[in-house]
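This briefing is meant to be read beside the sequence and the 3D view.

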Amino acid sequence: MSSGTTPRAAPPLRVAMVGNPNVGKTSLFNRLCGVRAKTANFPGSTVEARVGTCAADGAELQLVDLPGIYAIDLELPESKLCRDCLGGRLEGCQPDALLVVIDATNLTRGLRLFRSVATAARPVAVALTMTDLARTRGLSVDPARLSVALGVPCVAANGREGVGIEPLLAAIRGSRDVPATVVAASTRDAWIDETVLAIAGGPNSLGADTDRLTDRLDAAFTHPVLGGAVFVAAMAAIFFAIFRLAELPMTLIEEGFASLGALLSASLPEGALTSLLVDGIVGGLAGTVVFLPQICLLFFLLALLEDTGYLARAAFVMDRVMCRFGLPGQAFVPLLSSHACALPGIMSTRLIPDPKDRLATILVAPFMSCSARVGVYVLLVTLLFPDSGFLAGLAFAGCYALGAVAALLTAAIFRRTIIKGRSRPMVLELPPYRLPDVRAALLTTYDRAVVFLKNAGSVILAICVVMWWISAYPVAEAPAEAVALEARAVDVEASGDADGAGELRAEAETLAARAQQEQSFAGMIGGALQPVFAPLGLDERLTVAVMTSFIAREVFRSTITVLVGQGDSDDDAKVADELAQATRADGSRLFDPATTTGLLVFYVLAMQCLPTLAVTRRETGSWKWALLQLGWMSAVAYLLAWLARLIVIGLGGGA
Amino acid sequence: MPALMTEPEPIRLPLTQLKRGDRAMVAGSSLSDEDRAVLHAMGLDERCTFTVCRASSGGPCIIQLDATRLGLSPDLAKRILTRPCDCPEAGCRADGELPTAQ
């Protein structure tokens, strides 16, 4: 007879996966959980774990893929996270059992870790990985004998090939407390070597002979010249792929959002809500989500490259250069990625193990010239050198160089001041060379894309709405001139000249947009701040354009063309020609060489990307660092723009 | 009266001065406790012998330790003192006894 209440399902068994780096732990996790996994960040920690679920014998298991560690008692963030997890101090992550993943080719190190977690008073199971590699090295590591030696279930499993997964799930379900006799025995120094001897014939049989092919590849990839050339080629190939392959999906996303905006505009009544939806939400999200293809490609290609074992070697090549500026070799990839967009660049700093190195890299990454700056560079460089393609090209390249130099010098300053302290010494385990696991790379990409989209859908969306509001309110009355033009357009249309009417209406719209820009809160802020920007030669219109481009740099072009009365156009040369004619109230050129140079320097160095600030906050776990980044970059940009303007004035380019 | 015989001091070289193919064991370091703990956890301590795969004073040092390859920056490697040895295989000793230097 039913009691009338539905029995509550038993909570899933939560299992924490612990293991050394590069033992195939994450491959097992991916095989078990697939896409049913998400990245979990924990307050106060810069390292993350992945949490996923899988079914075992009809019951649900929750797996926590903890970061790879060499020892649990080290003063490193990943060791601390594991200590907290195993000690039950991690909110929502208290494990019921442990799965210790041990590399069969490196039993000594695996057993050392097993010994340190055996005292955690939780049931344990062991997964023995790399048994195929051990076999090729003439080793026979018997999981059954290891199970007897450790007193807990132990099975061989291979996540990459999906071998031994069912027995592994059964072993997890049958996990047991480590027997007290084993815990006691494991405290002896000789226990590890005795155990290895018993199950694998002793430590000296563990394939210590070096591999000639690996030696040769290592010699090439870490060679000062050849290694550098290979690295440049690899990175060039990745960036070519990112820019080329992402082009089509980015266009499709842009067009998709544009169509959605047009559809909403057409189907909803004109008003504040429609403006919020179309200009604030759809327009704002479009500006961020458009970078999703680049982000996916970057993470997919980096995951493949990392899986081959090459990236660990490349880190040593770049370490020679980067360490002079207080950055590790691993910082090169995130900095290079930031040339596409700072968002994936900052997200990819997770490759950097040392938290201080990682923080320094995050703080300087937005100095690298991202693709959003390109439109502004093209416009300002064309205004500076309208008749010399060579000088324009040189100035364009100089913008990239200036950004990179500013990033490196900032890193050097920060590492000697606010992020003082020694970096973790550069010692890396060099994984064996192998073919990459495409499935694992796709899962990594999926995970990163979800993180990015969640960020875009929360913090970035909120920022977009706020920025829309300060640009759209208060609503400005259309100026009398615009009303008159509209009336003339009606007459002209009635006379049969549709083209003429269209031109008049476009002119009227430009005047109305200019009035809105000037009278909105954003415009008022720009007007109030004009005295601050006066030393850079900026009048009120340029100040408004600079302030609105703190939303995103690419806004500069459309704002300034509207404000000086030309109306936006896709033709760079035409826009530059028209802007070159623009004058100030006193009749002097608005874009004189000194002001344009200062403006160009400002745009190279200033932090004008709110989504980047949001990602910095997320990755550093604090607004403090995001605001420091904004303040430092703005100050450096202002100061150097002012200096650049003074120098050009000194050289006679003031008018 | 026979002359007092003393054991010669074993040769200790920075890791960066070893050559490819040399086998050696760690014989001390000027590392901080924290760095030493990290290297110990990675398997590189006074109880182990290793084979040099790549040594260079200007570039990274690569050593083979059991089945693991470790890359060390030159700054770190030059602070690790080693004692070259002629052990047949690289690996950890079960009893913690140091192999005799040849």
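Predicted model: local features only at pLDDT ≥ 70, side-chain atom pairs only at ≥ 80, totals over all residues.

**Salt bridges**

- Side chains of opposite charge can pair when their charged atoms come close.
- Over all chains, the count comes to 22 salt bridges.
- One of them joins the side chains of A:E429 and A:R109, with an N to O distance of 2.7 Å.
- This pair links distant parts of the chain, since A:E429 belongs to strand β8 (residues 427–430) of chain A while A:R109 belongs to helix α3 (residues 107–117) of chain A, and the two are 320 residues apart.
- Are A:E429 and A:R109 buried or exposed? Both residues are buried.
- A second pair consists of A:R188 and A:E194, whose side chains meet in a salt bridge at 2.9 Å, N to O.
- Here A:R188 is partly exposed, with a relative accessible area of 39%, and A:E194 also counts as partly exposed, at 38% relative accessibility.
- A:D539 forms a salt bridge with A:R541, the closest N and O atoms being 3.0 Å apart, and A:D539 is buried because its relative accessible area is 14%, where the limit for that class is under 20%.

**A network that includes residues of chains A and B**

- A:D215, A:D218, A:R313, B:R20 and B:R69 are linked in a network of salt bridges.

**A negative patch on the surface**

- Which residues gather in a patch of negative charge on the surface? They are A:E481, A:D497, A:D499, A:E503 and A:E507.
- Helix α21 (residues 498–519) of chain A gives the most to this patch, with three residues.
- A:D499 has its place in helix α21 of chain A, and this aspartate counts as exposed because its relative accessibility is 62%, the cut-off for that class being over 50%.

**Cysteines without disulfides**

- The structure holds zero disulfides over all chains.
- A:C54 is accordingly in no disulfide, and the nearest cysteine sulfur, that of A:C33, is 5.0 Å away, whereas a disulfide is counted for a pair of cysteine sulfur atoms within 2.5 Å.
- A:C54 is buried, with a relative accessible area of 5%.

**Backbone details worth checking in the view**

- Most residues other than glycine have a negative phi, and most peptide bonds are trans.
- Against that background, a cis peptide bond joins A:Y473 and A:P474, with omega at about -10°.
- A:P474 is placed in the loop between α19 (438–472) and α20 (480–494) of chain A.
- A:N22 has a positive phi of about 60° although it is not a glycine, and this asparagine is found in the loop between β1 (13–19) and α1 (25–33) of chain A.
- With a relative accessible area of 36%, A:N22 is partly exposed.
- A:M130 also has a positive phi of about 60° without being a glycine, and its place is in the loop between β6 (124–129) and α4 (131–136) of chain A.
- Is A:M130 buried or exposed? This methionine is buried, with a relative accessible area of 16%.

Definitions and conventions. Residues numbered from 1 in each chain as written. Chains lettered and ligands numbered in written order. Heavy atoms only, no water. Patch = residues over 30% accessible without salt bridge, like charges linked within 9 Å, V, L, I, M, F, W, Y side chains within 5 Å. Areas by Shrake-Rupley, 256 points an atom, 1.4 Å probe, with all protein chains shown as cover. Salt bridge = Lys/Arg side-chain N within 4 Å of Asp/Glu carboxyl O. Lys, Arg positive; Asp, Glu negative; His and termini not counted. Charge placed at Lys NZ, Arg CZ, Asp CG, Glu CD. Helix = DSSP H or I, 4+ residues; strand = E, 2+ residues; numbered from the N terminus. Buried < 20%, exposed > 50% of the residue type's maximum accessible area, 1.4 Å probe, protein only.
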